[in-house]
Amino acid sequence: MNAMALLRTMHSETKFRLKGILGSDQPAEAQQAWQALRPLLELHEKLEDEYVYTALAEEFGAGSPLGDWAQRHDGDVAIVAQLIAEVDAAQPGTPEWRMALGRVADALTRHVTDEEGQIFGRIEQTWDAARLESIGAEMQQVVEGAAAKQPVSRRAHAASARRRR
Ligand SMILES: [Fe+2]
């Protein structure tokens with residue numbers, strides 16, 4: 001799979017799952033779904049950082065839009081990490097918990113809009129198809145490796161989420 005297509009798929013799956021959690025009226029279920037989603041958020045930003053933005057920074061250097069994105073991404077990640085910590089500090093299912101989760105969802109929506117609107121297209125014009133495919137294949141392997149390490153119930157959940165699409 002093309003690396004950018006894989007990242008876009010992860011974006012839309014994250015949005016879908018967050019919407020489900022925020023809309024749930026079952027606190028235990030919502031908390032479980034949130035705990036299952038959390039490692040995927042970390043995995044996603046790690047993939048972007050390690051496979052895409054770090055390589056761009058090395059190739060293009062500071063002062064160019066592609067080279068500077070890694071720094072901007074680090075800033076986004078730090079903000080989201082702080083917002084996630086606020087979710088963890090709240091009691092699951094309470095209005096505070098839901099509001100904290102809503103702030104995570106808002107921050108991620110901004111992240112997605114920025115990346116998909118400003119940088120993914122530029123990367124697709126910069127790296128050729130073969131390179132995008134090979135990076136995508138490497139990232140896909142990491143995603144599958146992470147899924148295999150999840151407990152069975154979460155794997156079943158992920159599989160049913162895939163079937164729904
Ligand atoms: Fe992203």
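Two residues are in contact if their C-beta atoms, placed from the backbone, lie within 7 Å of each other. This is a predicted model, in which local features need pLDDT of at least 70 and side-chain atom pairs count only at pLDDT 80 or more, while totals for chains, interfaces and linings use all residues. Residues are numbered from 1 along each chain as its sequence is written.

**Figure 1**
Read along the sequence, the elements follow the pattern α-α-α-α-α-α, where helices are DSSP runs of H or I with at least four residues and strands are runs of E with at least two, numbered from the N terminus. The C-alpha atoms of the chain fill a box of roughly 45 × 30 × 25 Å along the principal axes. For 165 residues, a compact globule would have a radius of gyration near 15 Å, and the 16 Å of the chain agrees with this; the radius is taken over C-alpha atoms, and the globule rule is 2.2 Å times the number of residues to the power 0.38. Buried residues make up 18% of the chain, a residue being buried if 20 or more other C-beta atoms lie within 10 Å of its own, exposed if 12 or fewer do, and partly exposed in between, with C-beta atoms placed from the backbone.

**Figure 2. Helix α2, residues 27-60, and its kink.**
The 34 residues of α2 should span 50 Å at 1.5 Å a residue, and the 46 Å between its end C-alpha atoms agrees with that expectation, which is 1.5 Å times one less than the number of residues. A kink of about 40° is centred on aspartate 49, the bend at a residue being the angle between axes fitted to the seven residues ending there and the seven starting there. The buried residues of α2 include Ala30, Trp34, Leu41, His44 and Leu47, and what covers the buried residues of this helix includes α1 (3-23), α3 (65-89), α4 (95-126) and α5 (129-149). After α2 comes glycine 61, whose phi is positive, near 75°.

**Figure 3. Helix α4, with a kink centred on glutamate 116.**
With 32 residues at 1.5 Å each, α4 should span 46 Å, and its end C-alpha atoms are 45 Å apart, which agrees. The kink in α4 is about 40°. Trp97, Leu101, Val104, His111, Glu115, Ile119 and Ile123 are buried in this helix, and the buried residues of α4 pack against α1, α2 and α3.

**Figure 4. The crossing of α1 and α5.**
Two packed helices are described by the angle between their axes and the distance between the axes. The axes of α1 and α5 come within 7 Å and cross at roughly 45°; axes are lines fitted to C-alpha atoms, for helices over the stretch in contact, and angles run from 0 to 180 degrees between N-to-C directions. The two helices α1 and α5 are therefore oblique to each other, since angles under 35 degrees count as roughly parallel, over 145 as roughly antiparallel, 65 to 115 as roughly perpendicular and the rest as oblique. On α1 the contact is made by Ala3, Met4, Ala5 and Leu6, and on α5 by Leu132, Ile135, Gly136, Met139 and Gln140.

**Figure 5. Isoleucine 21 and tryptophan 34, in contact with each other.**
Isoleucine 21 is found in helix α1, whereas tryptophan 34 lies in helix α2. Isoleucine 21 counts as buried with 20 C-beta neighbours inside 10 Å, and tryptophan 34 counts as buried with 21. Leaving aside neighbours within four places in sequence, isoleucine 21 is in contact with Ala30, Ala33, Trp34 and Leu101, while tryptophan 34 is in contact with Ile21 and Leu101. Although isoleucine 21 and leucine 101 are 80 residues apart along the chain, their C-alpha atoms are separated by 8.8 Å.

**Figure 6. Alanine 107, a residue of helix α4.**
Alanine 107 is partly exposed, with 16 other C-beta atoms within 10 Å. Not counting residues up to four places away in sequence, alanine 107 touches Ile79, Val80 and Leu83. Between alanine 107 and valine 52, 55 residues apart in sequence, the C-alpha to C-alpha distance is 20 Å.
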